[in-house]
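Reader: I would like to go through this structure with you, one topic at a time. Could you take my questions as they come?

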Amino acid sequence: MAVEAEGVVRLVLEDPRGRKLPRWTPGAHIDVVAGDFARKYSLCGDPEDPDRLQVSVLREAAGRGGSTFLHETVKAGSLIHIRGLKNHFRLDETAESYLLIAGGIGITPIIAMADRLKHLGKDYTVHYCGRARGTMAFISRLERDHSDRLHLYPASEKKRLPLSTLVGKSNAEQIYACGPERLLDALEEATSDNPEKLHIEHFTATGAVLDPAKEIGFDVVLTDSELTVHVAPDQTVLQALRAVGADIPSDCEEGICGTCEVPVAAGDIDHRDKVLTASERVENCRMMTCCSRARGEKIFLAI
């Protein structure tokens, strides 16, 4: 374990039996399981290192206790369990130019992307904002490896990320961003004329909480099982499917991890997740059962 910034520690994970660990790609995350919690953390080490995985953890006083546990309890030699790997924030390596934007601990997946783009010889810039330099993880590594592509915006130094100007003047083919919701919301607005170029990863879900008084019930037809399941206004699709014995894995149950995704054969989806891109939503072929619903009376799932 190493301190990366004020309130941020980096965990270096190795298999206790010396087994090789899976390779990963920028944007990938693992689930760290300890006690009664499981949290997803983006990988930030060397994807080609078969012996260790690295994640960085921000201590969140207002969180659900997971980050506090990792900061206060986990020591060198501690045994923790992980799940994964998964990647819902995959880097498209076919473009020629990239704009990388990070806010706070959102630098974790972004620095892995910057490392990869440098390796590929791509044109990229990194724009990183935070409260103060002391709270911004990986500054030394970024200045060492990406100094000619790096732009820092510590709020304590009266530096603000000029988001609208930056996006408006950028010729980047792809934009990747991770950070607080207000940053991602502003980015979505700034790229509203060309949403396909924006790829974002959320820390938390901010969609509407299930309100039975405002929801409608609908039927889910399982095409492979030839079973029809009713989803009541006070149920999620995930809950209704589990009630009839369907084995649907899940983790966050907030629409941000993608674990409970199922294929959709037909029907109009009310997407409420933070995983799928705008184009993936238009395709209307998959949904997150923990939060998304049907817009009509019936939806068909290929399970």
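Reader: To begin, in which sense do β12 and strand β18 (residues 298–301) pair?

Author: β12 and strand β18 (residues 298–301) pair in the parallel sense, over 4 bridges. Two strands count as paired if DSSP finds at least two bridges between them. Strands (E, at least two residues) and helices (H or I, at least four) are DSSP runs, numbered from the N terminus. The model is predicted, so local features need pLDDT of at least 70 and side-chain atom pairs count only at pLDDT 80 or more, whereas totals for chains, interfaces and linings use all residues. Residues are numbered from 1 along each chain as its sequence is written, and side-chain values use heavy atoms, with hydrogens and water left out.

Reader: Which residue is the bridge partner of aspartate 219 in β18?

Author: Lysine 298 is the bridge partner of aspartate 219 there.

Reader: And how many bridges join β12 to β13?

Author: 5 bridges join them, and the two strands run antiparallel. Leucine 222 stands opposite leucine 227 in β13. The two strands form a hairpin with 4 residues between them.

Reader: Why is β12 described as largely enclosed?

Author: 4 of the 5 residues of β12 are buried, so the strand is largely enclosed by the rest of the structure. Buried means under 20% relative accessible area, exposed means over 50%, and partly exposed lies in between (1.4 Å probe, protein chains only).

Reader: What about glutamate 226, is it buried or exposed?

Author: Glutamate 226 counts as exposed, at 73% relative accessibility. It lies in the loop between β12 (218–222) and β13 (227–231). Most residues other than glycine have a negative phi.

Reader: Which other residue has a positive phi although it is not a glycine?

Author: Lysine 158 has one, of about 65 degrees. Lysine 158 is found in the loop between β9 and α4 (163–169), and it is exposed, with a relative accessible area of 75%.

Reader: What else pairs with β2?

Author: Strand β5 (residues 53–58) pairs with β2 in the antiparallel sense, over 6 bridges. Valine 9 stands opposite valine 57 in β5. Since 5 of the 6 residues of strand β2 (residues 8–13) are buried, β2 is largely enclosed by the rest of the structure.

Reader: Now the core. Which residues of the largest nonpolar core touch the most other members?

Author: Of its 28 residues, Tyr98, Leu100, Ile107, Ile110, Val126, Tyr128 and Tyr176 touch the most other members. β7 (97–103), α2, β8 (123–130), α3 (139–145), β9 (150–154) and β10 (174–179) each supply at least two residues of this core. The largest share, 6 residues, comes from α2. A nonpolar core is a set of buried Ala, Val, Leu, Ile, Met, Phe, Trp, Tyr and Cys residues joined through side-chain atoms within 4.5 Å.

Reader: What is the span of helix α2?

Author: Helix α2 (residues 107–120) has 14 residues and reaches 20 Å from its first C-alpha to its last, close to the 20 Å expected at 1.5 Å a residue. The expected span is 1.5 Å times one less than the number of residues. The buried residues of α2 include Ile107, Ile110, Met113 and Leu117. Just after α2, glycine 121 takes a positive phi of about 75 degrees.

Reader: Where does asparagine 87 lie?

Author: Asparagine 87 lies in the loop between β6 (81–86) and β7. It is buried, with a relative accessible area of 14%. Its C-alpha atom is separated by 7.7 Å from that of threonine 25, 62 residues apart along the chain.

Reader: Last topic: which residues line the largest cavity?

Author: Lys40, His88, Phe89, Ile200, Glu201, His202, Ile256, Lys274 and Val275 line it. The largest share of the lining, 3 residues, comes from strand β11 (residues 198–202). A cavity is a set of points on a 1 Å grid over the protein atoms alone where a 1.4 Å probe fits but cannot get out, and lining residues have an atom within 4 Å of a point.

Terms used:
On a 1 Å grid over the protein atoms alone, a cavity is a set of points where a 1.4 Å probe fits but cannot get out, and a pocket is an open set with protein on both sides within 12 Å along at least five of seven lines; lining residues have an atom within 4 Å of a point.
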